[in-house]
Amino acid sequence: MIETITNVLGESKTVTRRYEDGSFDCPFCHNAVITPGTECVNPWCEANRYMPIPHLLARREKEEAERKDKEQRERNHQWAMERRQQEIETENEIRREAIDRGKREGLCLDCMFKSPYRITFVKHRKLCPKKVA
Ligand SMILES: [Zn+2]
Ligand SMILES: [Zn+2]
């Protein structure tokens, strides 16, 4: 019974999936190795004895580069999310401070956030035009 499969680089993996007739799945590519065959014949598999080593090394390098690229994108995304969260917290803090100041100084809280871009500090002599309208 075949216990392990070795690839062209001499690295071995244990066979984990077997069938009743003695066939098993190649642990490298998951293709079935049909009994009485004992080695993987998938032309793309690194355990195929005809797989050229430089080809396999180039493929691994490419996969590694893609993995790093993906990681980098995920990190950037994470970073952008954290930054946005921080911005929201900062905005909330600024709003809280503005409201505190407004209450202390008797400013109009209805007019304070009428513009989405800046905080308006205004004190009406009469009623607030927003409230009248
Ligand atoms: Zn294989
Ligand atoms: Zn007002």
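(Helices are DSSP runs of H or I with at least four residues, strands are E runs of at least two, and both are numbered from the N terminus.) Follow the chain from the N terminus and the elements run β-β-β-β-α-α-α.

A word on what you have open: this is a predicted model, in which local features need pLDDT of at least 70 and side-chain atom pairs count only at pLDDT 80 or more, while totals for chains, interfaces and linings use all residues. Residues are numbered from 1 along each chain as its sequence is written, and chains are lettered from A and ligands numbered from 1 in the order in which they are written.

**Zoom out**

The C-alpha atoms of the protein chain fill a box of roughly 95 × 35 × 25 Å along the principal axes. The radius of gyration is 33 Å, whereas a compact globule of 133 residues would have one near 14 Å. (That radius is taken over C-alpha atoms, and the globule rule is 2.2 Å times the number of residues to the power 0.38.) Of the 133 residues, 10% count as buried. Here, buried means 20 or more other C-beta atoms within 10 Å of the residue's own, exposed means 12 or fewer, and partly exposed is in between, with C-beta atoms placed from the backbone.

Where they touch, four residues of domain 1 meet four residues of domain 2. (A contact means C-beta atoms, placed from the backbone, within 7 Å.)

**Select domain 1**

Now show the side chains of Ile5, Phe24, Cys26, Phe28, Val33, Cys40, Cys45, Ala47 and Met51: these nine residues make up the largest nonpolar core. Such a core is a set of buried Ala, Val, Leu, Ile, Met, Phe, Trp, Tyr and Cys residues joined through C-beta atoms within 7 Å. In soluble globular proteins, nonpolar side chains tend to be buried together. Click on Cys45: leaving aside neighbours within four places in sequence, its contacts are Cys26, Phe28, Cys29, Asn31, Cys40 and Met51.

Next, pick His30, in the loop between strand E3 (24–25) and E4. Its phi is positive, about 70 degrees, although His30 is not a glycine. His30 is exposed, because it has 12 other C-beta atoms within 10 Å.

Move on to Pro36, in the loop between strand E4 (32–33) and H1. Check the peptide bond from Thr35 to Pro36: it is cis, with omega near 10 degrees. Trp44 is also found in the loop between E4 and H1, and is partly exposed, with 13 other C-beta atoms within 10 Å.

**Follow the helix**

Select H1, residues 53–105. How far does H1 reach from its first C-alpha to its last? The answer is 77 Å for 53 residues, close to the 78 Å expected at 1.5 Å a residue. (The expected span is 1.5 Å times one less than the number of residues.) One of the 53 residues of H1 is buried, so the helix lies largely in the open.

Stop at Ile94 in H1, which counts as exposed, with 11 C-beta neighbours inside 10 Å. Draw a distance from Ile94 to Glu63: they are 31 residues apart in sequence and 46 Å apart in space, C-alpha to C-alpha. Finish at Gly106, which follows H1 and has a positive phi near 70 degrees.

Terms used: Contact = placed C-beta atoms within 7 Å.
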